[in-house]
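User: I would like to learn how to read a structure at the level of single side chains. Could you take me through this one, feature by feature?

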Amino acid sequence: MYTGTLINDLMATVERAERGLFQKQIVDEMELLRMFDLQVPQMQNEPVYAGAA
């Protein structure tokens, strides 16, 4: 039997999904920053030719 909590249950499900996506985005961004930090010292020893053909 319907208890009248369908909208509340749906809202809670959406909020959990949004929280999970937000946390995944933070983890992905931190991983990209970590990868970039690992590359920076290597790039400082090499000349950079932006747009050179």
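Analyst: The chain exposes about 5,300 Å², of which carbon and sulfur atoms supply 64%; such accessible areas come from the Shrake-Rupley method with a 1.4 Å probe, and for residues only the protein chains shown count as cover. This is a predicted model, in which local features need pLDDT of at least 70 and side-chain atom pairs count only at pLDDT 80 or more, while totals for chains, interfaces and linings use all residues. Residues are numbered from 1 along each chain as its sequence is written, and side-chain values use heavy atoms, with hydrogens and water left out.

User: How many helices and strands are there in the chain?

Analyst: Helices (H or I, at least four residues) and strands (E, at least two) are read as DSSP runs, numbered from the N terminus. Here the chain has 1 helix and 0 strands, and helix α1 covers residues 6-44.

User: What share of the residues is buried?

Analyst: A residue is called buried under 20% relative accessible area, exposed over 50%, and partly exposed in between (1.4 Å probe, protein chains only). In this chain of 53 residues, buried residues make up 0%.

User: Which residues form a nonpolar patch on the surface?

Analyst: Patches are built from residues with over 30% relative accessible area and no salt bridge, like charges being joined within 9 Å and nonpolar side chains (Val, Leu, Ile, Met, Phe, Trp, Tyr) within 5 Å. The nonpolar patch here consists of F22, I26 and M30, which together have about 310 Å² of accessible area. M30 lies in helix α1 and counts as exposed because its relative accessible area is 55%.

User: Which residue forms a salt bridge with K24, and how many salt bridges does a search of the whole structure find?

Analyst: Side chains of opposite charge can pair when their charged atoms come close. A salt bridge is counted when a side-chain nitrogen of Lys or Arg is within 4 Å of a carboxyl oxygen of Asp or Glu, and a search of the whole structure finds 2 of them. K24 pairs with D28, their closest N and O atoms being 2.8 Å apart; both lie in helix α1, 4 residues apart, about one turn of the helix. K24 is partly exposed at 48% relative accessibility, as is D28 at 37%.

User: Where do E31 and R34 lie?

Analyst: E31 and R34 both lie in helix α1, 3 residues apart, about one turn of the helix, and their side chains meet in a salt bridge at 2.8 Å, N to O. E31 is partly exposed, with a relative accessible area of 34%, and R34 is partly exposed at 43%.
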